[in-house]
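Trainee: I am new to this structure and would like to go through it with you step by step.
Mentor: Then let us look at it together, and please ask whatever comes to mind.

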Amino acid sequence: MADTEFSQQALELLDRAVEAMGGQRRDGQHEMVRRVVDAIESGDHLLVQAGTGTGKSLAYLIPLIVNALTSDKPAVVATATLALQAQIVGRDVPRLLAALEPVLPRAIDVALVKGRSNYVCKQKLGGGFPSEDTGEGALFTLGEDSSVTHLPGATTGPTSALGREVVRLREWAQDTETGDRDELIPGVTDKAWRQVSVTSMECLGAQKCPLATECFSELARARGAEADIVVTNHAMLAISAFEGIAVLPDYDVVVVDEAHELQDRVTGAVTGQLSVQMVQAAASSTRKHTAVSVDAIHASAAALDLAFAGTAEGLLPNGLNQTQSQAIEQVRDAVRAALSDSKPEGNAAVDGGRSIARARLNLIFDLCERMLVAAEAREVVWASRPGSFTPGKGYQKADDGEPAVINIAPLSVAMKLREGLFADRTVVLTSATLAIGESFQATAGGLGLLGPNAPAWTGADVGSPFDYPKQGMLYVAAHLQKPGFGMSSEQLDELAALITAAGGGTLALFSSRRAAEDAAEKLRKKLSVKILCQGDSSMAGLIKEFADEPDTCLFGTMSLWQGVDVQGASCRLVVIDRIPFPRPDDPLVTARARAVAQSGGDGFIAISATHAAVRLAQGVGRLIRSSADRGVVAVLDSRLANASYGGFLRAALPPFWATKDRAVALAALKRLSGK
């Protein structure tokens with residue numbers, strides 16, 4: 001690949017930035033810069049796997065900076081997690097721009113754009129939206145506790161925790177320049193935040209809101225339109241690409257970081273839910289804020305409840321039956337009539353309550369329309385009855401008598417991505433886990449980059465600076481029985497032996513919250529090392545304590561499988577309780593696997609095993625975070641060694657030195673502990 005003027009300029013800036021920031025030259029980082037530049041110049045899309053330690057943020061930010069000097073459109077960087085978004089905007093970009101400032105011909109402007117509900121709404125703050133809460137929530141709309149103001153000698157003001165939070169929010173909102181929730185330290189509960197924010201559904205819109213020119217969300221989007229680089233998240237990218245809503249400025253290049261999450265995040269963004277409770281809430285809101293009769297809406301809610309009563313949870317393999325379709329048609333027709341009757345008069349003043357009511361009706365109407373044509377649109381419909389999570393007891397299933405929630409999602413988002421994201425711009429997708437073995441086919445297929453008329457793309461693995469065979473060991477406990485429900489006593493004994501040999505310093509990753517809590521509770525009684533468990537404190541606090549205390553252990557679930565960056569001896573052992581397959585009763589997984597099988601493919605490998613391989617690689621990747629790290633990954637699921645698909649899963653993992661010998665793993669951990 002010959003270096004062009006663009007790539008030469010980018011590589012020179014990279015070398016300068018690395019030197020200024022005290023880093024080291026990495027071949028993989030240089031290779032990634034070349035690949036990103038080539039994608040921008042050619043217009044072909046790029047899937048680039050960059051292992052931990054490559055420094056991929058700099059490797060894509062620098063080409064975007066060079067491109068910004070001549071392009072009349074901004075570039076977009078989209079992340080899956082708020083943590084990476086904050087890292088890019090708060091750490092990576094400021095350090096990089098400070099290092100390059102002496103040699104850049106002009107300043108580079110980088111803007112952060114989030115979803116509307118992340119910002120304070122000034123209209124709601126000023127009372128422009130009547131509270132939809134009843135009871136306690138309604139008392140604190142203005143941050144006042146009305147229960148004490150009438151008492152003789154009582155001090156006015158809030159006495160509850162919620163009331164105090166809202167008062168602090170209102171005071172902060174007077175001074176903040178961005179209105180961004182993440183800038184409020186310490187933070188507040190979701191319940192308090194809802195008192196001063198609106199969802200995109202509730203928003204009056206820039207054309208109607210009297211405070212649109214002062215709106216924090218609109219100002220953030222305006223800054224994005226003038227910026228060189230816009231940092232956002234996958235959900236905003238999906239809304240912009242698929243729904244035609246101008247939440248992002250027009251852009252010509254997008255880098256999707258944490259791209260292994262894109263398919264699931266997009267699916268989540270376009271998944272809809274309809275319930276009896278939603279319909280009843282819309283009726284109540286409509287009655288409260290308009291003069292429209294809601295009898296027909298209540299009647300349709302009752303019909304919906306009756307139509308799905310007794311429907312088993314899970315996939316509706318044949319779609320809606322006649323009774324269910326008729327009930328959804330009844331709901332659709334009732335809310336359509338209410339929408340028609342509740343239209344504001346031409347010169348009527350803006351009414352926040354009416355806007356909320358109509359937004360709820362519109363959402364239900366759109367969901368009904370979508371569900372009635374699900375089969376033709378290749379969408380999947382399923383019923384669920386959400387349970388609840390109780391600390392110490394885990395997930396509790398809902399009673400069968402509870403009203404069903406009807407869910408709908410695309411069978412595949414591949415074509416949506418092809419048409420909405422890849423059609424009119426250059427897309428660079430990057431992650432430490434995009435390929436399985438040397439193949440990008442599974443990822444490319446899920447993103448719409450395979451098949452007839454697919455856009456041109458290339459795949460590249462720029463490697464990692466780490467010497468995995470020398471730095472890490474992969475131990476698979478092949479002698480254990482295949483995992484069943486929960487964690488077996490044999491697995492627990494194995495975990496105890498491994499932690500004892502390591503002397504602590506263990507990150508234990510579990511497939512469920514209940515498994516993590518049970519293991520922590522039992523091993524705290526059995527072992528002398530300190531064991532932290534997800535839920536004991538904030539995630540940031542737990543990770544900091546784990547990093548600061550080399551002999552402490554941290555137990556947790558999927559939120560710890562990725563994004564945790566703890567270097568050094570504090571994380572010398574990573575334990576994974578089982579292969580992270582999706583739930584076997586997941587309706588969308590079931591439907592997608594059946595569709596693959598009907599096309600002649602292997603549904604298990606294409607859907608469940610591919611999902612597990614990427615998640616497993618993310619979990620294993622928590623071990624080696626720097627060139628000085630040493631450690632052991634222990635997988636307590638014998639299927640990784642013994643099942644026919646084990647080789648497929650192992651191909652996605654870093655090339656650690658592998659063993660099934662328990663004594664070898666324990667001896668290595670004892671040496672690492674130095675005790």
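Trainee: In which loop is Glu-258 found?
Mentor: Before I answer, please keep in mind that this is a predicted model. Phi of Glu-258 is near 55°, a positive value in a residue other than glycine, and most residues other than glycine have a negative phi. As for its place in the chain, Glu-258 is found in the loop between β5 and α11.

Trainee: Is Glu-258 buried or exposed?
Mentor: The cut-off needed here is that buried means under 20% relative accessible area. Glu-258 has a relative accessibility of 14%, and therefore Glu-258 counts as buried.

Trainee: Asn-453 also has a phi worth a look; is Asn-453 buried or exposed?
Mentor: Phi of Asn-453 is near 65°, again a positive value in a residue other than glycine, and Asn-453 is found in the loop between α17 (441–446) and β13. A residue counts as exposed over 50% relative accessible area. Because its relative accessibility is 76%, Asn-453 counts as exposed.

Trainee: How many of the residues of β1 are buried?
Mentor: In a regular strand the side chains alternate between the two faces of the sheet. In β1, His-45, Leu-47 and Gln-49 point one way, while Leu-46 and Val-48 point the other way, and all are buried. The strand is mostly covered, and the number of its residues that are buried is five of five.

Trainee: Which element gives the most residues to the largest nonpolar core?
Mentor: This core has 42 residues, and those that touch the most other members are Met-32, Tyr-60, Leu-64, Val-77 and Leu-96. Several elements each supply at least two residues of this core, including α1 (5–20), α2 (27–42), β1 (45–49) and α4 (82–100). The element that gives the most, with nine residues, is α3.

Trainee: Which strands are at the edges of the open sheet of four strands?
Mentor: The order of the four strands is β6-β11-β8-β7, and the pairing is antiparallel. Four bridges join β6 to strand β11 (residues 405–410), and the bridge partner of Ser-275 in β11 is Val-405. An edge strand here pairs on one side only, and the edge strands are β6 (272–275) and β7 (314–315).

Trainee: How many cavities of 30 Å³ or more are found in the whole structure, and which element gives the largest share of the lining of the second largest cavity?
Mentor: A search of the whole structure finds two cavities of 30 Å³ or more, and the second largest cavity has a volume of about 30 Å³. Among the residues that line this second largest cavity are His-234, Phe-242, Leu-262 and Leu-421, and by class its lining has eight nonpolar, one polar and no charged residues. The largest share of that lining, five residues, comes from α10.

Trainee: How many disulfides does a search of the whole structure find?
Mentor: A disulfide is a covalent bond between the sulfur atoms of two cysteines. Cys-215 counts as buried because its relative accessibility is 17%, and Cys-368 counts as buried because its relative accessibility is 0%. For the whole structure, the number of disulfides found is zero.

Trainee: How many Å apart in space are Val-633 and Ala-17, C-alpha to C-alpha?
Mentor: Val-633 lies in strand β19 (residues 631–635), and Val-633 counts as buried because its relative accessibility is 0%. In sequence, Val-633 and Ala-17 are 616 residues apart. In space, C-alpha to C-alpha, the distance between Val-633 and Ala-17 is 34 Å.

Terms used:
Residues are numbered from 1 along each chain as its sequence is written. This is a predicted model: local features need pLDDT of at least 70, side-chain atom pairs count only at pLDDT 80 or more; totals for chains, interfaces and linings use all residues. Side-chain values use heavy atoms; hydrogens and water are left out. On a 1 Å grid over the protein atoms alone, a cavity is a set of points where a 1.4 Å probe fits but cannot get out, and a pocket is an open set with protein on both sides within 12 Å along at least five of seven lines; lining residues have an atom within 4 Å of a point. Grid points are joined across faces, edges and corners, and a volume is the space filled by probe spheres set on the points. Ala, Val, Leu, Ile, Met, Phe, Trp, Tyr, Cys and Pro count as nonpolar, Asp, Glu, Lys and Arg as charged, and the others, Gly among them, as polar. Two strands pair if DSSP finds at least two bridges between them. A disulfide is a pair of cysteine sulfur atoms within 2.5 Å. Buried means under 20% relative accessible area, exposed over 50%, partly exposed in between (1.4 Å probe, protein chains only). A nonpolar core is a set of buried Ala, Val, Leu, Ile, Met, Phe, Trp, Tyr and Cys residues joined through side-chain atoms within 4.5 Å.
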